[in-house]
Each structure stands twice: as C-alpha cells, then as structure tokens.
Amino acid sequence: VLDAGGAGRVLLIRRGTKVTIANLTVTGGKFTVPAAKTKDDEIADAVGGGIAAYGELILDTVAVTGNEVIGGAGFGGANGKNGANGKAGTNGKFARCSGNSGKCPNRAYGRGGSHGSNGGPGEPGGRAGGAWGGGLYSNNHLTIRNSVFSANRAIGGTGGKGGNGGKGGNGGRGGNSSTFFNTQGLGKCYSVPGGSGGSGAYGYYGANGGQGGNAFGGALFAYGSDGARISISNVIVLANAATVGTGGMRGEGGARGEAGGGGKGAKAEKKCVFPGGNSRSGSKGKVGGAGKPGNPGNPGFSFGGAIALNTRGADIANVVVSGNNARHGGAFYLQGSAALRHATIVGNQAQDKGGAALTYIRSSNDVTIANSLVWGNKAGKGEPAADPAADLGGTVQFARWEWGENAKSLINPRLQASCIE
C-alpha cells in the first residue's frame, strides 16, 4: 500500500519513462496548487491526485482509491480606494465696511465645506484553476487492467472573491460665520449665516466574484496526445466524482459618504452699538449613496464522474461503471474516438446532462458501444440517459440501452445492488 496520508500526490511518472505498477494500492493522495496571487498569474490547474503520468504507464491489479485533486483558487480582487473627505470651509472674520456694497460682508461669511469624492471600483475576483483526474492523470500511453478505481474526486478550484467598492468620502463641515459692522448704519452690526456643509459622496459598486474551476474525470483523465494509446480492460470504476468549483464571493458595495455639518451662525457682537440678532447656522450637506454589492462568481463545470478521455482510439472493455457523478456525464466524458465493449454502465448521475455520461459526447466523434448494458442512469431533469443516435456520433450494437420513450421497448435487466458490489 502506498498511502500519502493527504500530504500530496502519491506518484509522479516522468516523461521519457515506462513504468509498470502491479499488485498495489494507491491511496490518500491529495494534490493542489497554490492560489493565484495577482490577476496576471496563470490560472492554476492541478492534475493527478493519486498518480500523474507523463511517461508510459501500465497498471495491473491496482486499487486506486480515496485520492483527490483540487484546482487552485482564483486571486482575490483588490478593494476599491476610499473617496477623499471634503475639506472644511474656513470660518468668517469680523469685518468693517461702509456703504451698501454687496461685497462688504463677504469676509464675515463662513465658507461652505467641499463635497467628498466617490469611492473607487474593486477588482473582480479571478477565475479558479481546473482539476484533472482525481485518481489518475495521464497524457501518454496508458494501459489499465484488472484494477479498481473508487472514491476518487476531482474538484475545481474556488473562484476569487470580488473586491469591495471604495467608501464615499464625507462632506466637509461648513465654516462658522462672523458679523460685519456697517459704519453708515448707525453702528449696527449684522450677523450672517454659517457656511453649508459639503455633501457626502457615493460608495462604489462591489466587484463580481471569479468563476469556479472545472473538473474532469473523478477517477481518471487521459489525454491521448501524439497518438498515445489508451486501453482499459477488466476494471471496476465505483463511486467517483467530478465536482464543480464554487464561484468566488461577491464584493460588498462601498459605504456612503456622510454629510458635512453646517457652520454655526454668528452671535450678536457686544461691542456693536446696536447689536443685530443672532444668525442661523448653515445647512447640512446631503448624504451620499451606498454602492450595491457585486454578484457571486458562477460555479465551474464538471465532466465525467468516472472517466474523462480526450483521445483518438481509446479501447474500453469489460468494465463496470457505477455510482459516479458529475455535472455533465455521470460516468463518461468522451471526446474523440472510443470503443466500449462488454460494459455495464448503471446507476450513475449527472446534475445537468448525461446520466450515463454519453450525452456529452460531441456529434462529430466516433464512439461505438457494443454488447453492453446502459441502465438506471439519471440526469438533472430526471431523464434516464441520452439517445445514442443523436449523441454518440457513432453506433450502438447489441446493447440494452435505456433512453427517452424507447426505454419502454427494452427489457429491464432488474439489476440488484449485490450485482455491482
């Protein structure tokens, strides 16, 4: 038994090597990558929770169980800058003048406070990295026989949190007023109002959270690059999952700027021969508006709860695939060409499309399923499975297949749980 105990990946097969693993259990692998730190960082994908094979790999009588791979988290968006507060108005000063000039009392007035400035925008959260192959990732020749894949998981990373909007600046306080003395008014003093307060500014909208990462192949993902051969035979694939990454949290809206207070009105000066009455204070400024929160990030996608393949010419024979789940394709996600022979694909589930996982195969692919049983798989809308004529892009030969209205024309095999166990 090779048990990583959750401390990292169990095995790494380097490019240029050929490795055979036999009569072994690979378990306890947990591989992820650091979260992105800035918006300029590359999206952090993670591969192979139990085994990552860049060289040729043969697995014979191997149990790959209880491993997981987790995509890196997206970067958290920076918060917006807070708006600057308005400046306080200057206080008025006692003034002497003669005549009725409108400019005479200007010095006595308190000046109005200035308005606050609006808050700045937060940065959107970054998109999270994907996860590929909870139990095994391969991009070279791959042969698996007489083996079991169970309870492995590929989990997309969590999207980055959106930045909060900046707070609106507060309005400046109005200046206090004074009085002016009119020498032609029989020594009468006049009081003038205090300055008006500045208005508070608006907080900025919060930014959106980043999208969650995608996940491919709860048990295994194999990429048949450069003509790589993929052969899977006499294998049980049970209770694996490809799980979407959660979208990032929303950024909160910036708080409103508060209103500036009005300046105090002048009191009658005792040194005046005929003091005038007290004057009113300046008016208070208006409050700003709070920014609205952003939107949470969208979750990612997941494909192939059991097996995800991107290859030309994969050969899959004598397999049992049961109890696996993903958003698309509870059992398989097949892109390219593949042949499934003597396969039992039962009791898998997709939250959206393709309980049997064959609904998400592109119509341009060449996929053949022969001498097989596809039954009891569920999709998000309760549909049992896909119509192979529309979704396989290949042929179905001597297979019992449950789909749509045609399900009634087939004989229910009445599978029991003990048959799978």
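The model is a predicted one, in which local features need pLDDT of at least 70 and side-chain atom pairs count only at pLDDT 80 or more, while totals for chains, interfaces and linings use all residues. Residues are numbered from 1 along each chain as its sequence is written, and side-chain values use heavy atoms, with hydrogens and water left out.

To begin with the overall picture, the chain holds two helices and 28 strands; these are DSSP runs (H or I of at least four residues for helices, E of at least two for strands), numbered from the N terminus. The chain has 421 residues, and 51% of them count as buried. Here buried means under 20% relative accessible area, exposed means over 50%, and partly exposed lies in between, with a 1.4 Å probe and protein chains only. The accessible surface comes to about 19400 Å², and carbon and sulfur atoms own 49% of that area; the areas come from the Shrake-Rupley method with a 1.4 Å probe, and for residues only the protein chains shown count as cover. Among contacts with a separation of 6 or more, 84% join residues 24 or more positions apart, a contact being heavy atoms within 4.5 Å.

The interior comes next. A nonpolar core is a set of buried Ala, Val, Leu, Ile, Met, Phe, Trp, Tyr and Cys residues joined through side-chain atoms within 4.5 Å. The largest such core has 39 residues, and those with the most contacts inside it are Leu 57, Leu 59, Leu 136, Ile 144, Phe 149 and Phe 332. Leu 136 is a handy one to follow: leaving out residues up to four places away in sequence, Leu 136 touches Ile 51, Ala 53, Leu 57, Leu 59, Leu 142, Ile 144, Phe 149, Ala 219, Leu 220 and Phe 221.

Rings of Phe, Tyr and Trp (its six-membered ring) pair if their centres lie within 6.5 Å, with planes under 30 degrees apart counted as stacked, over 60 as edge-to-face and the rest as tilted. By this rule there are ten aromatic pairs. One of them joins Phe 216 and Phe 221 edge-to-face, at 6.2 Å centre to centre and 70 degrees between the planes. Phe 216 has a relative accessible area of 11% and is therefore buried, and Phe 221 is buried at 5%. Phe 216 also pairs with Phe 303, this time stacked, at 5.0 Å centre to centre and 20 degrees between the planes. This pair links distant parts of the chain, 87 residues apart: Phe 216 belongs to strand S16 (residues 215-216) and Phe 303 to strand S20 (residues 302-303). Both Phe 216 and Phe 303 are buried. One aromatic cluster is made up of Tyr 54, Trp 132, Tyr 137, Phe 216, Phe 221, Phe 301, Phe 303 and Tyr 333. Elsewhere, the charged end of Arg 9 sits over the ring of Phe 31, 3.8 Å from its centre; the criterion is NZ of Lys or CZ of Arg within 6 Å of the ring centre and within 35 degrees of the ring normal.

Most residues other than glycine have a negative phi. Asn 146, however, has a positive phi of about 55 degrees without being a glycine. This residue lies in strand S12 (residues 142-150) and is partly exposed because its relative accessibility is 39%. Ser 147, also placed in strand S12, counts as buried because its relative accessibility is 3%. A polar atom of the Ser 147 side chain lies 3.0 Å from the backbone nitrogen of Val 62, and one lies 2.9 Å from the backbone oxygen of Arg 145. Such polar contacts are pairs of N or O atoms within 3.5 Å; within protein, one must be able to donate a hydrogen and the other to accept it, and residues adjacent in sequence count only if both atoms are side-chain atoms. Apart from neighbours within four places in sequence, Ser 147 contacts Leu 59, Asp 60, Thr 61, Val 62, Asn 234, Val 235 and Ile 236.

Strand S21 (residues 307-322) contains Asn 318, a non-glycine residue with a positive phi of about 55 degrees. Asn 318 is partly exposed, at 38% relative accessible area. Thr 311, found in strand S21, is buried at 4% relative accessibility.
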